[in-house]
Amino acid sequence: MEFTFYLTLKENCYNGHMERKLRKAENSLRISGLAVIAFGVWSIIKFFFNLVLTPEIIFGASYFADMDEEYTTMIFVVIYFFFALDLLFRSIIGVNAYLEGIGRKRKSGYLVLACLSFILSAVSLHYFFSPDAYTYSITDAIISIIVECTSCFAMAELVISAFTIRVINRKMEAGKCS
């Protein structure tokens, strides 16, 4: 009788441990999803303020002097299109991660976008270390590197948390709570 009680108690401890890990991963997924959306909004706001306040930083001082106004407008429309597309992808990733974190949906498509976004962000980090990246201010360069690294960290945390939730759910459904 005591031995059976001990095994049941041990199984409940493992279930409690797995449930704590699951709650922690779900919380992490929700926070990471919101962070991914916030970094997408931040990139548009930063570009807009840089464009309005100091357009020579983005395109160079003599870039606007030789162009027609229509051509310049077309360039800005294309740039904003790509920023809107980036925000759309980040919103899809963030919203789906948040919904999975609260237990509503379990789609895998957003994880593919998240992995792709993480890889592209990680690869683009080398730009910040090139000599021509930020010639106007070392402070802006350092801040941009920190923000981009934080964005990569949030995306990696999102992917890791999503996979952790899926593994824990499979173990709990199979009855292997160790």
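Helices here are DSSP runs of H or I with at least four residues, numbered from the N terminus. Quick caveat: this is a predicted model, so local features need pLDDT of at least 70, side-chain atom pairs count only at pLDDT 80 or more, and totals for chains, interfaces and linings use all residues. Residues are numbered from 1 along each chain as its sequence is written, and side-chain values use heavy atoms, with hydrogens and water left out.

Now the inside. A nonpolar core means buried Ala, Val, Leu, Ile, Met, Phe, Trp, Tyr and Cys residues joined through side-chain atoms within 4.5 Å; buried is under 20% relative accessible area, with a 1.4 Å probe and protein chains only. The largest one has 16 residues, and Leu29, Ile93, Tyr110, Ala114 and Leu158 touch the most other members. Helices H1 (2-53), H3 (69-101), H4 (109-124) and H5 (138-174) each supply at least two of its residues, and H5 gives the most, six.

Take Ile93: leaving out residues up to four places away in sequence, its contacts (heavy atoms within 4.5 Å) include Val36, Tyr110 and Met155. There's also a second, separate core of five residues, Phe47 and Phe76 among them.

Last stop, Leu99, in helix H3. Is Leu99 buried or exposed? Buried, at a relative accessible area of 15%. Its C-alpha sits 9.7 Å from that of Glu26, 73 residues apart along the chain.

Conventions:
Buried means under 20% relative accessible area, exposed over 50%, partly exposed in between (1.4 Å probe, protein chains only).
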